[in-house]
Amino acid sequence: MQYTFITLVENKPGVLNRVASLFRRRNFNIESLAVGRTERPDISRMTIVMDCEDDTVAHKIEANLYKLVNVIDVQDVSKQPSVTRDLALIKVKAGPEQRAEVNNLAAIFRARIVDVATDSVIVEVTGTEEKIEGMIELLRPIGILEMVRTGQVAMTRGAYEGTRRTPGANGNGWHEVDESGLAEY
Amino acid sequence: MKLSGAEILWECLVSEGVEVVFGYPGGANMPLYDAMLNYPIHHVLVRHEQGAAHMADGYARASGKVGVAMATSGPGATNLVTGIATAMMDSSPVVFITGQVAAHLIGGDAFQETDVTGITLPITKHNYLVTRPDEIAEVVREAFYIARSGRPGPVLIDICKNAQIEKTDFEYPADVKLPGYQPPLHAPKAALEQAVRLLEKAKRPVILLGHGALISGAEEAIQHFAVKTHTPVAMTLLGLGGFPASHPLSLGMMGMHGEAHCNLAIQNADLLLAFGMRFDDRVTGTLKTYAPNARKIHVEIDPSEVHKNVKVDVPLVGDLKTVVTDLIPMVDEYEHDEWLQQIAEWKSDGDARSIMSWPDDDKLYVAHLVHDLWESTGGGAIITTDVGQHQMWSAQYYSLEKPNRWITSGGAGTMGFGLPSAIGAWFARKDQEIWTVAGDGGFQMTAAELTTAVQEGANVKVAIMNNSFLGMVRQWQEFFFEKRYSGVHMKSPDFVKLADAHGVPARRVTKPEEVKEAIEWARQTPGPVVLEFVVVQEDAVYPMVPAGAALDQMLRRPVRQK
């Protein structure tokens with residue numbers, strides 16, 4: 001199952017390398033990783049999408065991230081109402097006779113043509129992963145020359161917060177102590 | 001007044017209370033060595049940087065303070081790597097300071113340039129590359145704080161040569177600003193209450209005491225807790241000394257070469273209380289059948305250790321001493337006589353098989369030698385070891401009543417650790433008797449540090465258990481590879497002559513009747529001394545849980561007829 005983690009880290013050189021190295025060392029596979037600045041200049045934000053078997057693996061990932069001195073907060077937003085977006089630039093092989101078709105598809109997906117050359121166009125599409133995958137499928141028969149994607153970024157809706165499975169890390173308490181499995185006690 | 005980066009470094013080390021550094025100079029740290037002459041810190045010149053790393057580690061483990069090791073860039077720094085990994089695996093607080101080429105040369109493959117922060121990233125708790133002198137004070141302050149707090153560990157500071165030379169204003173920061181690093185202290189009340197509920201119902205509880213007990217200084221609290229709840233205490237290799245070996249509730253060491261009754265107790269327990277230990281594969285055997293009927297409470301400061309190897313019922317993330325102290329008033333006095341009686345029965349079978357009950361056959365056995373050493377030193381010496389059979393026998397037969405006297409490479413299993421860690425320990429505890437027990441193999445890995453011991457007058461006694469084999473590998477080949485001995489025959493130099501060449505008094509011991517006298521002679525002779533014991537070649541460490549077997553599937557020492 002796909003898990004999406006929002007990770008706040010100190011904005012310092014080498015932090016991305018520390019995170020990537022940790023995933024390599026612990027043998028976790030990253031599906032996508034997007035890094036950028038936040039509203040605070042001293043903090044960067046990473047959206048990490050991973051394929052995890054279950055919550056136990058998700059816990060492992062969170063707890064290991066906290067081992068890094070520069071990691072401030074990790075939350076899993078996979079199960080919370082949230083907005084996730086991916087951006088793709090797709091260069092499509094399209095001469096004058098295919099432009100109209102590409103343009104029509106772009107309109108349906110609310111994508112934009114951001115560059116037109118003699119025999120190609122660049123389509124910019126933003127949205128959830130499914131939407132982008134859908135767009136790609138339809139453009140493929142026309143001819144995709146080149147594609148780049150940013151990887152997902154995510155934000156929870158309203159006052160929702162993600163799950164924090166790592167009590168004891170950076171002041172995280174137990175919001176609720178897990179009682180599952182202690183029924184007979 | 002402006003100070004050079006090198007001067008700032010030493011100012012910081014003095015502020016941190018550093019008295020001794022272990023190191024080796026070279027091109028990229030010469031400004032540090034030049035400035036060092038003006039500061040009241042003793043420098044120990046090692047013979048190989050690995051020795052410096054182990055000495056700083058031994059110093060840290062014997063003192064509870066942060067050890068410091070230094071090296072130059074390139075090969076100097078890479079020679080530290082084994083020692084850094086050793087400190088990392090055993091949560092030992094050491095600050096490593098390496099010189100680096102000037103900042104403008106980085107990335108250009110300059111002479112003796114190596115990406116040291118890159119190499120050490122996965123084997124340090126944290127590391128820093130310093131390119132400007134004004135970064136040094138803050139970095140050193142953070143490095144010492146990170147190394148010693150929370151779950152301790154090694155921190156490396158790589159300082160570019162220009163940052164050592166350039167001058168800037170110096171002020172030592174009073175605080176650290178680390179928003180991403182706040183080690184936990186207390187576990188929440190609700191979780192503690194869950195633990196108490198499990199304890200109340202337990203009939204066959206066992207405490208698993210690990211290195212965290214010593215790091216946290218929780219020994220007294222745990223003893224109080226164990227007595228109040230009438231719970232026996234098993235120890236990991238690095239937990240030895242955390243609970244008095246002679247205490248009626250002590251089960252001794254657990255795991256691959258643990259006491260049989262201890263492993264049986266764990267496998268038959270209905271509640272395990274893991275105190276500052278991490279369920280390493282050497283203490284669990286196969287996880288599929290590990291303590292199958294036991295509920296598990298895990299008190300641990302590092303959240304990433306919780307559920308890592310063994311899924312536990314109640315994780316208590318916090319400082320061990322704090323958590324156990326919080327628990328004591330919450331628990332009642334329980335009684336587990338029946339359970340302790342069962343364990344005592346298992347133990348009596350082990351006593352019958354013990355090598356200690358063998359009749360004298362005029363040969364030297366390491367187990368007997370360690371026992372003799374224990375008797376001669378009243379069980380109070382600091383013991384450091386190498387890795388292998390002699391290490392396990394030392395763990396089994398040098399029974400410890402008190403903490404911080406047992407210095408061994410557990411997690412990493414680093415051969416060559418014994419002698420340098422003993423030298424480091426001596427700088428921390430010059431009042432203590434210090435012995436290193438080594439094998440013929442491990443001793444030769446860092447034997448060059450013998451001359452460091454001489455140069456420093458370090459009062460360490462070296463007992464080499466010479467069986468002309470790499471004993472532990474030989475034992476595995478005997479048990480699991482049809483006795484096809486491969487790469488384990490070892491011809492050693494004449495250790496007595498070798499010691500003599502270093503100016504170290506030495507004796508070779510071949511007969512049981514010479515043992516006590518030789519140990520006494522070594523104890524009375526000031527400074528470093530080498531004793532070579534020519535021991536039985538093909539003895540094996542028992543009990544043994546074969547790799548991948550269940551913890552109670554032990555190979556036992558055959559009963560020898562008297």
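**Figure 1. The two domains of chain A in the predicted model.** Chain A is split into domain 1, covering residues 2-79, and domain 2, covering residues 84-153. The C-alpha centres of domain 1 and domain 2 of chain A are 29 Å apart. Contact between them involves six residues of domain 1 of chain A and five residues of domain 2 of chain A. On the side of domain 1 of chain A that touches domain 2 of chain A, β2 (30-37) and β3 (43-51) of chain A each supply at least two residues. The most comes from β2(A), with three residues. By class, this side of domain 1 of chain A has three nonpolar, three polar and no charged residues.

**Figure 2. The four-stranded sheet of chain A.** The strands of this open sheet follow the order β2-β3-β1-β4 in chain A, and their pairing is antiparallel. Because β2 and β4 (71-76) of chain A stand at the edges with a single partner strand each, one side of each has no neighbour in the sheet. On average, neighbouring strands of this sheet are turned by 15° against each other, direction ignored. Seven bridges link β2(A) and β3(A) in the antiparallel sense. Within chain A, Gly36(A) stands opposite Arg45(A), a residue of β3(A).

**Figure 3. A helix across the sheet strands of chain A.** Helix α2 of chain A, residues 55-67, lies across β1 (2-10), β3 and β4 of chain A. Relative to β4(A), helix α2 of chain A runs at about 165°.

**Figure 4. Where chain B touches chain A.** The contact brings together 25 residues of chain B and 27 residues of chain A. Helix α9 of chain B, residues 189-201, provides the largest share of the chain B side, with six residues. The side of chain B that touches chain A is made up of 14 nonpolar, seven polar and four charged residues.

**Figure 5. Strand β17 of chain B and its partners.** Strand β17 of chain B spans residues 434-439 and is largely enclosed by the rest of the structure, because six of its six residues are buried. In a regular strand, side chains alternate between the two faces of the sheet. From β17(B), Ile434(B), Thr436(B) and Ala438(B) point one way, while Trp435(B), Val437(B) and Gly439(B) point the other way, and all are buried. Strand β15 of chain B (residues 382-385) runs parallel to β17(B) and is joined to it by four bridges. Here Thr385(B) stands opposite Val437(B). Strand β18 of chain B (residues 460-466) is also parallel to β17(B), with six bridges between them. In this pair, Gly439(B) stands opposite Met465(B) of β18(B).

Methods:
Residues are numbered from 1 along each chain as its sequence is written. Chains are lettered from A and ligands numbered from 1 in the order in which they are written. This is a predicted model: local features need pLDDT of at least 70, side-chain atom pairs count only at pLDDT 80 or more; totals for chains, interfaces and linings use all residues. Domain bounds come from an automatic or database domain assignment. Two residues are in contact if their C-beta atoms, placed from the backbone, lie within 7 Å. Ala, Val, Leu, Ile, Met, Phe, Trp, Tyr, Cys and Pro count as nonpolar, Asp, Glu, Lys and Arg as charged, and the others, Gly among them, as polar. A residue is buried if 20 or more other C-beta atoms lie within 10 Å of its own, exposed if 12 or fewer, and partly exposed in between; C-beta atoms are placed from the backbone. Two strands pair if DSSP finds at least two bridges between them. Axes are lines fitted to C-alpha atoms, for helices over the stretch in contact, and angles run from 0 to 180 degrees between N-to-C directions.
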